[in-house]
Amino acid sequence: MTDKTFYITSTLPYVNADLHLGHAMELIRADVIARYKKLSGYEVFFNSGTDEHGMKIAESAAKAGKTPQAYVDEYAEKFKNYVHAFGLDTEVLRLIRTTDAKHITAAQAFWKKVADNGFIYKKNYKRKYCVSCEEEKNESELVDGKCPIHPNRELELIDEENYFFKYSAFQDKLLEFYKNNPDFVIPEIRMREVVSFVQGGLQDFSISRLKSKMPWGIEVPGDTEHVMYVWFDALVDYISTLNWPDIEGDFAKFWLKGTPVQYCGKDNTRFQAIMWQAMLMAAEIPNSHHVIVNGFVLGEGGVKMSKSLGNTVDPMEIVNEYGTDALRYFVLREISSFEDSPVAKDRVKDAYNSGLANGLGNLVSRITTLSEKYLDKKIVNMIVQDVEIKPFNSFVANDFEVFDINMVCKFIWTNISVLDKRISDEQVFKVIKIDLEKGKDILRDYIDKLADIACHLKAIIPTTSQKILDILKENKKPETPLFARKD
């Protein structure tokens, strides 16, 4: 058992609609880092699941003619299908639902801890609210009086007595934390945005709703008339999944002794990197280690892909047409690690054909055709086994450590292109006719390089990686292409 531990979490998507490509990208990227750490000798805990409370869920359930519980049960079960379709590592993945009993207990314990520490109070509240964001909106954030992310949705006006979190009390503490941890948010541009936002001042925010108006939520401890604001409830899942408030066991192993990392989208940065960090401080719990921020996946017209706008690309369609590893390849190599990226369906086919069918798949076929004909199976196996025990290339490891998976893919596919060109330039089949041993030496080097590529793909496209290693050990050209070209 290793004493090295690593904890990573994605955000929990709302269960009010099917997941889109942006969700798939975040889950797959978190999975890649989890796999990399596991391959590097860490004991890994990968957290994800479903966010099931709040006004948005209550509305969606009502429209579907179902109780909120029946509605979230259906979608939570559906989420499990995405786990397999996206190729997530179920050995380290732990799914949590915010309607789970242990989460509800943890959320209420967290509230009580923060309240006992003097950071929760009650007052009248009047504010504009975007239900799709589940977030308050200041006038300065609005465009033509509407949420810029959900312009098709009218804002709600909330006017009631609520509990508030003393967010303003943590401005200086947060700034000090950021100063001492300058790479807390990755990439750097998001870190600068976070610091700038906090320097502008923090306003206390509402963390409850009247149960009479919005009953679908976790009851506030000691007050049956209020339920928790969905974000104050949902963020606690990052520690409730580790069985907090029990401070031994998984919480001690992965949060206290590990380096907790959070993945999120650009529109969630404030919740993850500011609000949650202040909440942790209020509960006297150590802060997260990193928050990794993805750019937006842009749909038609360069607008953020969103379920509410209906401009999404269905990742399940990609899986059904091209396969799981093709989806993983696309979101990891063709979409920027940190910047916004436009996506259209025809890009998926082009990327599949160029990078997988004509690239990786063709390379495997070329090398194994020659190997089967000229090399001994035992020799090939010895080469592959030697490669399998090598650590990651230092450049690849460095890119993984800074969460730049796009650069990892660039490195691997550059090696694929270089090896493919070598085969064309060296024309080993001609060398073999003149000097058999020299030709075999060249072929053995091809096997070594291809095995190295396959090993570096273990975290990226794991099923294909294993297929390549198995094919090499069999020392036979695959009967069917790894990736059949799509016309």
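Trainee: Before we discuss single residues, how are buried, exposed and partly exposed defined?
Mentor: The classes rest on relative accessible area, computed with a 1.4 Å probe on protein chains only. Under 20% is buried, over 50% is exposed, and what lies in between is partly exposed. This is a predicted model, in which local features need pLDDT of at least 70 and side-chain atom pairs count only at pLDDT 80 or more, while totals for chains, interfaces and linings use all residues. Residues are numbered from 1 along each chain as its sequence is written, and side-chain values use heavy atoms, with hydrogens and water left out.

Trainee: Is Lys112, which pairs with Asp116, buried, partly exposed or exposed?
Mentor: The two form a salt bridge (a side-chain nitrogen of Lys or Arg within 4 Å of a carboxyl oxygen of Asp or Glu), with closest N and O atoms 3.2 Å apart. Both lie in helix α4 (residues 101–116), four residues apart, where helices are DSSP runs of H or I, at least four residues, numbered from the N terminus. Asp116 is exposed at 56%, whereas Lys112, at 48% relative accessibility, counts as partly exposed.

Trainee: Which helices does the salt bridge between Arg422 and Asp445 link?
Mentor: The closest N and O atoms of Arg422 and Asp445 are 2.7 Å apart. The partners are 23 residues apart in sequence, so the pair ties together two parts, helix α16 (residues 405–426) and helix α18 (residues 436–456).

Trainee: Which residues make up the network around this pair?
Mentor: Arg422 is partly exposed at 23%, and Asp445 is partly exposed at 24%. Salt bridges with shared partners join one network of Arg422, Glu426, Asp445 and Lys449.
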